[in-house]
Amino acid sequence: MAYIEPAPIKDTENPLESMMQRFNTAFELLGFDEEMYDILKVPAKQVVVGLPVTMDNGKIKIFEGYRVIHSNILGPAKGGLRFDPGVNLNEVKALAAWMTWKCAVVDIPYGGAKGGVTCNPREMSAGELERLMRTYTQTMLGVFGPDRDIPAPDMGTGPREMAWLMDEYSKANGMTVHSVVTGKPLVLGGSEGRVEATGRGVMVCALVGMEKLRVNPYHATCAVQGFGNVGSHAARLLHERGVKVVAISDVTGAYYNKKGIDIKAAMEYTEKNNRSLAGFKGGEKIDPADLLTLEVDVLVPAAMEDVIVETNAPKIRAKMIVEGANGPTSAKADKILNEKGILAVPDILANAGGVSVSYFEWVQNRLGYKWTAERIKRRSDRIMKEAFERVYATSLEYKVPMRIAAYIVALKKVADTYQFRGGY
Ligand SMILES: NC(=O)C1=CN([C@@H]2O[C@H](COP(=O)(O)OP(=O)(O)OC[C@H]3O[C@@H](n4cnc5c(N)ncnc54)[C@H](OP(=O)(O)O)[C@@H]3O)[C@@H](O)[C@H]2O)C=CC1
Ligand SMILES: O=C(O)CCC(=O)C(=O)O
């Protein structure tokens with residue numbers, strides 16, 4: 001497949017640079033004018049806040065928090081909240097833009113946003129995390145809202161944190177507002193299927209991708225980096241469909257088993273072991289860097305950004321990469337993977353199952369009604385399959401890799417909507 005040379009990249013690689021490279025390439029192919037470029041390039045809103053939190057030792061610590069709304073052209077902004085030591089404004093800007101493109105790729109009526117706090121949730125007590133989340137919510141009362149900006153979980157956050165956010169926002173508004181946030185616990189207006197949704201979308205993309213490559217799932221092998229919300233469910237669902245998951249990992253290391261890892265056992269293990277794979281005996285420990293270069297049919301990076309970069313891309317031996325994480329592949333690595341004939345299913349398609357079910361959660365909250373798990377699965381699988389086929393067809397039409405095709409699909413939709421709305 002032809003490779004469109006992206007504009008030159010500066011020395012360093014980072015998520016924002018990588019996002020802009022793909023954006024620029026797709027933009028040039030579409031031949032849009034400069035006005036549209038500026039509108040889609042510059043985030044609509046960027047909020048940076050200092051968050052004073054009383055720690056368990058009685059001292060006050062100040063955390064830095066962010067929320068970036070990249071675009072609300074397609075609808076209210078939507079995107080997760082990340083608690084991680086690496087969170088910074090540039091990262092949040094890239095993640096917010098990815099949300100705009102992602103929502104457009106799966107055709108749901110949302111713009112893109114992302115937020116985060118620079119903190120280490122692994123070293124904080126539940127009480128400290130709760131005070132941090134409530135303080136963050138207080139500072140964002142004028143930003144969040146069911147028709148303005150709707151947060152959700154991301155790295156380091158989950159249903160518990162979303163419940164605190166919903167409660168704090170509701171108290172400030174003097175009424176219960178379920179639809180201000182998604183990814184909530186089921187009893188609090190959460191949706192069936194949201195916890196596994198992102199991993200499920202990864203599984204659907206992997207199966208459709210295998211079909212395209214004529215790989216039989218029952219003979220296929222897979223390696224999964226990251227065993228949190230996305231990685232663990234992607235591994236479980238692929239395992240349930242006959243794929244042999246030979247390696248998994250988290251920050252404590254990588255675990256390899258030629259015969260296939262018992263994913264159910266690994267999930268039970270992490271549940272009892274503070275969400276960690278440390279000490280897991282279902283596979284031999286290998287160098288975490290080697291997990292990415294194993295000879296497998298499917299590689300699922302589901303941990304963090306920039307793990308497949310210029311230096312290790314030449315060593316990747318998977319037939320297909322399905323990006324559970326946001327931004328796991330740098331722009332420089334794209335070209336190498338493409339030259340090697342590896343099918344890369346890009347993040348803005350592959351991990352869109354999460355926001356799709358978030359959309360269902362928001363719809364249910366607004367209807368005051370609950371859908372069954374079966375209905376959620378059926379509808380989200382359909383969204384993912386249709387989006388995959390749309391991007392795949394675009395990649396054939398424009399003779400570009402699926403990543404650039406996904407940006408083309410997204411940019412077209414956002415630009416068309418902008419033209420109709422006008423009046424800016
Ligand atoms: N949650 C969601 O619905 C969505 C998430 N994503 C993206 O998926 C990725 C993962 O998110 P999510 O699963 O929610 O996050 P979690 O915090 O639930 O899990 C992250 C996982 O990655 C592991 N990890 C962190 N650093 C490394 C490393 N250096 N090597 C190997 N493993 C590592 C963590 O290990 P440990 O637990 O030991 O720290 C953990 O297992 C992120 O890029 C996120 O933006 C995308 C779409 C939706
Ligand atoms: O569920 C959502 O609204 C957003 C999830 C998210 O942050 C993502 O897809 O990266």
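Biologist: In what sense do strand β6 and strand β7 pair, parallel or antiparallel?
Modeller: Strands (DSSP runs of E, at least two residues) are numbered from the N terminus, as are helices (H or I, at least four residues). Two strands pair if DSSP finds at least two bridges between them. For β6 (residues 221-225) and β7 (residues 244-250) there are five bridges, with Cys-222 opposite Val-245. The sense is parallel.

Biologist: What pLDDT do local features need in this model?
Modeller: Residues are numbered from 1 along each chain as its sequence is written, chains are lettered from A and ligands numbered from 1, both in the order written. The model is predicted: totals for chains, interfaces and linings use all residues, side-chain atom pairs count only at pLDDT 80 or more, and local features need pLDDT of at least 70.

Biologist: Which strands stand at the edges of the seven-stranded sheet, leaving one side of each without a neighbour?
Modeller: The sheet is open, with mixed pairing and the order β9-β8-β7-β6-β10-β11-β12. Each edge strand has a single partner, so one side has no neighbour in the sheet; the two are β9 (284-286) and β12 (343-345).

Biologist: Which strands are at the edges of the five-stranded sheet?
Modeller: This sheet is also open and mixed in pairing, in the order β1-β2-β4-β3-β5. The edge strands pair on one side only: β1 (45-54) and β5 (149-153).

Biologist: Is Lys-102 buried or exposed?
Modeller: Lys-102 is in helix α3. A residue is buried if 20 or more other C-beta atoms, placed from the backbone, lie within 10 Å of its own, exposed if 12 or fewer, and partly exposed in between. Lys-102 has 28 such neighbours, so the class is buried.

Biologist: What is the largest C-alpha distance among the residues annotated "binding site"?
Modeller: The annotation comes from an unreviewed UniProt entry and covers Lys-78, Lys-102 and Ser-358. UniProt positions are in the numbering used here, feature names are shortened, and annotations may be inferred rather than shown by experiment. The residues spread over 281 residues of sequence but cluster in space, with a largest C-alpha distance of 12.8 Å.

Biologist: Which residues come nearest to ligand 2?
Modeller: A residue is near a molecule if its C-beta atom, placed from the backbone, lies within 6 Å of it. β3 (77-84), α3 (89-105) and α12 (353-367) each supply at least two residues of the shell. Of the 14 residues around the ligand, the nearest are Gly-80, Ala-152, Asp-154, Val-355 and Ser-358.
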